[in-house]
Amino acid sequence: MRRLASPGWIASHVFALAMVVLMANLGLWQLRRLDERRTGNAEIAAAMSQDPFDFAAHLDRRGRPPEYTAVAATGTYLADAEVRIGNRSSGGQPGFWLATPLQLGDGRAVAVVRGWVPRRSLTGLDERSTAPPPGDVVVVGLAFDSVEGGRVAETAPGEAPEISRMDLDRFAEVSGIDVADAWIRLRVQSPPQPEGLPEPVPDPDLGEGPHLSYAFQWFFFSAGAIVVYGLILRRAVTGRSEAADTPI
């Protein structure tokens, strides 16, 4: 038994205990992440399900809408100032979002992501028109903040400019239109798109993710480490006892 109290065995005990505590805490961390995810999902679901706020009135009275707030706006699309948001896939197909400034009745403009367009449309393989309806339109969608770090991509002559993300500074730069400091991701539009493009971007998946299963895995590993280390200690003690009882 004295050998089990040697510096080497003490170090192994400390290491085993530290690993058990670490894995248990990783499990608890995953449970906290799950709780945060559920709370965030509930807030997003509540924001999306409320009656839409008038976008211009919200800006005037409350400032920039919180993300995922349901909003509505009436205006005219400035089709000549459209911008592509690159590297957006749908159903495994490469494509881009098409964002168009909507000029409101008071002269202000807001960037509206009208939806997703397949990349093949640029080469004529999808001939459906993506032009917005002329005249006044009513758009209902979700409000989002500008996404910093957008980069301007190279495009062929005559094509709409393209940026890597909905960075409103870059959007204003390439479109030439000064837009509000929030943008709208379209859900419903009246009148609708004549030929079905762009396709509205689906609402976010509010699933809980793998946090619960990860938590169970860490707790299982922690319990398993205790059992395995206990068996190792038992075997070591038994071996020492048998060695001590063996005649020389």
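## Loop between S9 and H4

Pro-191 sits in the loop that runs between strand S9 (182-190) and helix H4 in this predicted model. The peptide bond between Ser-190 and Pro-191 is cis, with omega at about 0°. Pro-198 belongs to the loop between S9 and H4 as well, and a cis peptide bond joins Leu-197 to Pro-198, again with omega of about 0°. Most peptide bonds are trans.

## Positive phi values

Tyr-68, in the loop between helix H2 (55-61) and strand S2, has a phi near 75°, which is positive although the residue is not glycine. Asn-87 also has a positive phi without being a glycine, at about 55°. Asn-87 is located in the loop between S3 and S4 and counts as exposed because its relative accessibility is 72%, over the 50% limit.

## Confidence

The mean pLDDT of the protein is 87, and 91% of the residues score at least 70. Where pLDDT is low, the predicted coordinates should not be read in detail.

## Helices H1 and H4

A nonpolar surface patch is formed by Leu-28, Leu-31, Leu-212 and Phe-216, which together have about 350 Å² of accessible area. Helix H1 (7-49) and H4 each contribute at least two of the patch residues. Leu-28, a residue of helix H1, is partly exposed, at 40% relative accessibility.

His-211 lies in helix H4 and counts as buried because its relative accessible area is 8%, under the 20% limit. Beyond its neighbours within four places in sequence, His-211 contacts Gln-30, Arg-33, Leu-34 and Arg-37.

In soluble globular proteins, nonpolar side chains tend to be buried together. The largest nonpolar core here holds 22 residues, and Tyr-68, Ile-85, Trp-97, Val-113, Met-166, Phe-171 and Trp-183 have the most contacts inside it. At least two residues of this core come from each of H1, strand S3 (83-85), strand S4 (95-104), strand S5 (109-118), strand S6 (136-145) and helix H3 (168-175). S5 gives the most, four residues. Another core, of 17 residues, lies apart from this one and includes Leu-102, Val-112, Ala-143 and Leu-186.

For Phe-171, leaving out neighbours within four places in sequence, the contacts include Ala-81, Val-83, Ala-99, Thr-100, Pro-101 and Ala-111. Ile-163, Met-166, Gly-176 and Val-179 are also in contact with Phe-171.

## Salt bridges

The model has 10 salt bridges. One of them pairs the side chains of Asp-60 and Arg-108, at 3.0 Å from N to O. Asp-60 in helix H2 and Arg-108 in the loop between S4 and S5 are 48 residues apart. Asp-60 is exposed, with a relative accessible area of 55%, while Arg-108 is partly exposed at 31%.

Asp-145 and Arg-64 form a salt bridge at 3.4 Å, N to O. This pair links strand S6, which holds Asp-145, to the loop between H2 and S2, which holds Arg-64, across 81 residues. Asp-145 is partly exposed at 23% relative accessibility, and Arg-64 is partly exposed at 45%.

Glu-162 and Arg-119 meet at 3.3 Å, N to O, in a salt bridge. Glu-162 is buried, at 9% relative accessibility, whereas Arg-119 is partly exposed, at 26%. Salt bridges link Arg-84, Arg-119, Glu-159 and Glu-162 into a network.

Note on methods
Residues numbered from 1 in each chain as written. Predicted model: local features only at pLDDT ≥ 70, side-chain atom pairs only at ≥ 80, totals over all residues. Heavy atoms only, no water. pLDDT = per-residue confidence, 0-100. Patch = residues over 30% accessible without salt bridge, like charges linked within 9 Å, V, L, I, M, F, W, Y side chains within 5 Å. Areas by Shrake-Rupley, 256 points an atom, 1.4 Å probe, with all protein chains shown as cover. Salt bridge = Lys/Arg side-chain N within 4 Å of Asp/Glu carboxyl O. Buried < 20%, exposed > 50% of the residue type's maximum accessible area, 1.4 Å probe, protein only. Core = buried A, V, L, I, M, F, W, Y, C linked by side-chain atoms within 4.5 Å. Contact = heavy atoms within 4.5 Å.
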